[in-house]
Amino acid sequence: ATVSVLYWMLKRSYYVVETKGADDMCADIVMKASGHYVPVSEFFAIQCGRLLENEYYPTPFCDGYNPPATTTALRHRRSNKKAVYIDTSSCRYNVVRYVAATVGWEEVRHDGPVHVVWVDTSLSENRIMKLPRGARINHFPGMIVICRKVDSARLLNKMKRLHPESYSFVPTTFFNYNDFLRTKKGVGGDKWYIVKPDSGCMGKGIRLSHAPKKEMFENAVVQSYVQDPLLIDGCKWDMRVYVLVLSVDPLRMYIYKDGFIRLCTEKYHPPTLANADNTLIHLTNYAIHKKSKKYSTNCKRRFSYMFDHIRGLGFDPNKLWDSISDLAVKTLLSVNEQLKYSYRAAFPDESNTGDSCFEILGFDVLIDRKMNPWLLEVNHAPSFTCDTILDYEVKSGLISEAVRLLGVELDDEKMRAVPRTPEIRKEMLKRFAKRKEEHEASVVKKFSLIYPSRSEARGVEYDKLLTTIRERAPPPEAALVSPSAQLSCLKRSHPSLRHPADLHRNLTQRRGLCPPPKLQRY
């Protein structure tokens, strides 16, 4: 196959400059065609008619032009901006490295200057302590709370009790056996439930039950099964919706308009004792269905296909998408106070504008026949594996636009905007925030800002929800990150404070960021 492709390229006057080995669609081959250089993955995309937006960088030839010999030289030639270094030593996804190369970033491992750190796991205390000042990392401290089944059930159930209409997208969920018995006795009826392990992923340990037993509630949640899902080709399906969180203090969220739906490989039938154990009917997890003999690439389809299907049924897909965006915002609002305090505990520097972390979340959403969205779960580390061309198109486009929205090139301006006078510093940081918003508006394409909301009515509703959370919620766990990590961050941001007593005094005086009583517990 490789020989055939190379022969085909040479037959059309393509000249291979450098080859470092193929790795799926992220091979590092640079070709010259019609006056510009392109990576081989973009070449395949062009030939297949799938040229991605923002992934194509023409380099015109002229007299005296010396073409670059390597992709590294190509990146330097493409831009005169400052060099941006990304650490991908803890990342296993090649699409992340490819996107970093297309935007002109340099890849480093462990040593040397770092501007962005990309890891596949949740943010640990040790990782926070080692993070260089001014660097950004792709996870927030404490975000794991909304992704754990039991913790998220507690948060969302509380909000559903206080605001049942606003949180109607949350299925009835139990994590206590006695509460389940009381509710079932009052409701009655013939219902099915789905049991989900607290920290499970890829469909592991999930099962259906008509009468959950007490032992099923250990490190798990029991959730009402949605028995009337909307079907496509007679199969059950769900949506993988990507949400970019740029900061939590203040909260700033974008939703990605492109994505895919995941169809089951067997026709849907309501759960019975005979088919309750058939996961290929009732579970939509891709990790389960890709092992099925009936699996095909048609089991993943783009959002555009789903919207056309919904439009054909007589419903408005824009209204559905608005409901999904609202679902994502309200889910993050339920945990925002804890995220805010955890972030300030990890990064207590007053000059920190809240952008030391960012995160791409994967929301799994189910649609019923009445066009109501239901939140199944939130993934803090969604997979970026590219098994198909659709995977590559969606995920590379997602990561590419996300890293551009970070505005890493603006960091130098932010560093210069931190003078000694607090009043001037506040004013300069305010100007930098405005400059950052202008940068986001200039590069955004498939992302859409969902918080702060541009709708006045939605903004008022979100403010009421935040007020309720602040009034009724217990004091947030600011010590999710231990004082040793907090002191390390302060030492990094204030080199003059070298003595531990000075660091501790400086840290405990920041009331409202990390309460002193929590520090005494360690």
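**Notes on loops, helix pairs and a pocket**

1. P250 sits in the loop between strand 12 and strand 13 (251-256); helices here are DSSP runs of H or I with at least four residues, strands are E runs with at least two, and both are numbered from the N terminus. A cis peptide bond links D249 to P250, with omega about 5 degrees. This is a predicted model, where local features need pLDDT of at least 70 and side-chain atom pairs count only at pLDDT 80 or more, while totals for chains, interfaces and linings use all residues. Residues are numbered from 1 along each chain as its sequence is written, and side-chain values use heavy atoms, with hydrogens and water left out.

2. Now look at P452, in the loop between strand 18 (447-451) and helix 17 (456-472). Y451 and P452 are joined by a cis peptide bond too, and here omega is about 0 degrees.

3. You'll find N219 in the loop between strand 10 (207-209) and strand 11 (220-224). For background, most residues other than glycine have a negative phi, and most peptide bonds are trans.

4. On to helix pairs. The axes of helix 4 (residues 94-102) and helix 14 (residues 389-406) come within 9 Å and cross at roughly 50 degrees (axes are lines fitted to C-alpha atoms, for helices over the stretch in contact, and angles run from 0 to 180 degrees between N-to-C directions). So helix 4 is oblique to helix 14 (under 35 degrees is roughly parallel, over 145 roughly antiparallel, 65 to 115 roughly perpendicular, and the rest oblique). V95, V96, Y98 and V99 of helix 4 touch Y392, S396, I399, S400 and V403 of helix 14, where contact means heavy atoms within 4.5 Å. These contact residues split into 7 nonpolar, 2 polar and no charged (Ala, Val, Leu, Ile, Met, Phe, Trp, Tyr, Cys and Pro count as nonpolar, Asp, Glu, Lys and Arg as charged, and the others, Gly among them, as polar).

5. Next, helix 12 (residues 317-333) packs with helix 17 at about 25 degrees, their axes 11 Å apart. These two are therefore roughly parallel to each other. From helix 12, D322, D326, V329, K330 and L333 meet R458, E461, Y462, L465, L466 and I469 of helix 17. By class, that contact has 6 nonpolar, no polar and 5 charged residues.

6. Helix 12 also packs with helix 11 (residues 303-312), at an angle of about 125 degrees and with the axes 9 Å apart. That makes helix 11 oblique to helix 12. F303, F307, I310 and R311 of helix 11 contact P317, L320 and W321 of helix 12.

7. Finally, the largest pocket has a volume of about 960 Å³ (the space filled by probe spheres set on the grid points, which are joined across faces, edges and corners). A pocket is an open set of points, on a 1 Å grid over the protein atoms alone, where a 1.4 Å probe fits, with protein on both sides within 12 Å along at least five of seven lines; lining residues have an atom within 4 Å of a point. The lining has 41 residues, with M202, N379, A381, P382 and S383 nearest the centre. Elements giving two or more residues to this lining include strand 12 (237-248), strand 17 (373-379) and helix 14. Those lining residues divide into 16 nonpolar, 10 polar and 15 charged.
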